[in-house]
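Subject: Handover of a structure and the findings from it

Dear colleague,

Please find below the structure that I am passing on to you.

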Amino acid sequence: MKNNYLKGGLLLLLSILLSLPVLAQRRSSLPLKHGAHRVGIRTDEAMNTWRKHGLGQFIHWGVYAIPGGHWNGAYYPGAAEWIRAWSGMPKDAYDNLYKEFNPVKFDAKQWARQAKDMGAKYLIFTTKHHDGFCLWPSALTDYTIANSPYKRDIVKEIVDAYTAEGIDVILYFSIIDWNHKGYRSALPKSEKDKKEYETFLSFTRGQLLELVENYPTIKGLWFDGSWDKAWINEPAFADELDAELRSKIPGLIIGSRFRADEYGNRGYDTNGDLIGDYEQSWERALPNDISEVNGNDWDCVMTIPENQWGYHSDWRGYVKTSDDLIEMIAKSASMNGNFVLNFGPDGLGNIRPEETKIAKEIGEWMKINGDAIYASAPVEWKKQGWGYYTQSNGNVNLLVFNRPINNLLTIEIPKDGQTPTSAYFMQDGKRVELKSAGKNKFNARLYHVEIPKKFKSDKPFTIVLKMAEQTDASPAYQQAKT
Ligand code: FHN
């Protein structure tokens, strides 16, 4: 098969390289009951599909979108979805907001179309944030969409609309629930406290079972708010629930933020192994280098302003541009991660114009350059200042963000690496000159790809390197010669 050698060879090398740091960073090998149940990445179909997504959309939506970061004319400087925790807003007023939640402009199909146009392959959707308000008609509490003027099952509409567009859905669920009487943040102290917390645990289990049973097409659960001492102190409960949820949907994906081991270690267990299917700690930050991901699958969840997830009508500070975000998408892909961009629709169900503009610009770029992102894998060549490498379809992609003044993209290939044979622009297939530039003192082979002077682009662009093919006949031919 075409370029199978490059693909197979590099993937094999990659899987060896990716498994090494995991082993290297193991701290101990204590027998743990509730630690990681697997060392190394999951290689089943569901996870292989997730790994290829490249780009996802996050949506934070709930009653916090009504105040949109303001109360009684005062500006809340924190993340809008946390406004209930602010002394400037009475809790009662917040807890009654659901009586006004009537997002008449909400159109799940339109949101899904926009996400598809942006190039998102999966969605993470908040079913319940820390305030406890449920966007599905949970039978276990009255604090749900069913008791708002809107009434409709928003989670169902979202799951159906996105699934129909071919976008996988993962449901976000906050363990923290400020609305439930039994919820505790600190360790329950008295017997009464403990009993109440038990009601909370069984409520949490019941709600999660509702989600997997009501929406069986979902691909995963994305947990948040799992840092409370009370929750960390329940490793057996969380571990059993984890298994129970997985038994309901084959292939269900659960990241590293759900549970802790019996020593209270979250994310990575006491032995240093990742708990869950992928690393979930890359929030509003990207690794600098692939060595920082420890060979694990990972995704990065990112806000457009510095730290606003839910709708805040007044974004202050630096707001990322589509160029900033596109670079993050490329950087994530170059380190084998998915990039997930957050949207915070307003209280009526409108996606704000700034987000729509960004979605459009990202989508335009992904339409041209998406082959370098989706289903791509990292390339173990030395990083260069002009941008990022990925490999896909047997080719190596050069994602150019910083065009050099001399128009020469330098490539350094390790002495036993594959040889590039030609180069062309991904956008139109036009050939670009590829020249050998000798070797450096480490014996790495140098190449220059020359960007034509007349080529103009105000967006990052991709140059594809065709690699020398190893045909099935070559080994036999070589044997015949000797
Ligand atoms: O507290 C939340 C925050 O509001 C937001 O939902 C993010 C998304 O990853 N998670 C928590 C902070 O880690």
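The notes below cover the ligand site, a pocket and the sheet.

Please bear in mind throughout that this is a predicted model.

Ligand site

The ligand is surrounded by 13 residues. H60, E81, H129, H130 and D224 are the closest of these. Sorted by class, the shell comprises six nonpolar, three polar and four charged residues.

In E81, a polar side-chain atom is 2.5 Å from an oxygen atom of the ligand. For H129, an N or O atom of the side chain lies 2.8 Å from a ligand oxygen atom. E283 likewise places a polar side-chain atom 2.8 Å from an oxygen atom of the ligand. How much of the ligand's area does the protein bury? Taken alone, the ligand exposes 330 Å², and 90% of that is buried by the protein.

Second largest pocket

The second largest pocket holds about 310 Å³ of space. Its lining consists of 16 residues, and those nearest the pocket centre are D289, I290, V379, W381 and K383. By class, this lining has seven nonpolar, four polar and five charged residues.

Which elements each supply at least two residues of this lining? They are the helix α9 (322-334) and the strand β11 (387-392). The largest contribution is that of β11, which gives three residues.

Sheet

Eight strands make up an open sheet with parallel pairing. The order across the sheet is β7-β6-β5-β4-β1-β10-β9-β8. At its edges are β7 (253-254) and β8 (279-283), each of which pairs on one side only.

Within this sheet, β1 and β10 are adjacent in the strand order. Strand β1 (residues 55-59) runs parallel to strand β10 (residues 337-343), and five bridges join the two. As one point of reference along this pair, F58 has N342 in β10 as its bridge partner.

A colleague

Conventions
Residues are numbered from 1 along each chain as its sequence is written. This is a predicted model: local features need pLDDT of at least 70, side-chain atom pairs count only at pLDDT 80 or more; totals for chains, interfaces and linings use all residues. Side-chain values use heavy atoms; hydrogens and water are left out. A residue is near a molecule or strand if one of its heavy atoms lies within 4 Å of it. A polar contact is a pair of N or O atoms within 3.5 Å; within protein, one must be able to donate a hydrogen and the other to accept it, and residues adjacent in sequence count only if both atoms are side-chain atoms. Accessible areas come from the Shrake-Rupley method with a 1.4 Å probe; for residues, only the protein chains shown count as cover. Ala, Val, Leu, Ile, Met, Phe, Trp, Tyr, Cys and Pro count as nonpolar, Asp, Glu, Lys and Arg as charged, and the others, Gly among them, as polar. On a 1 Å grid over the protein atoms alone, a cavity is a set of points where a 1.4 Å probe fits but cannot get out, and a pocket is an open set with protein on both sides within 12 Å along at least five of seven lines; lining residues have an atom within 4 Å of a point. Grid points are joined across faces, edges and corners, and a volume is the space filled by probe spheres set on the points. Helices (H or I, at least four residues) and strands (E, at least two) are DSSP runs, numbered from the N terminus. Two strands pair if DSSP finds at least two bridges between them.
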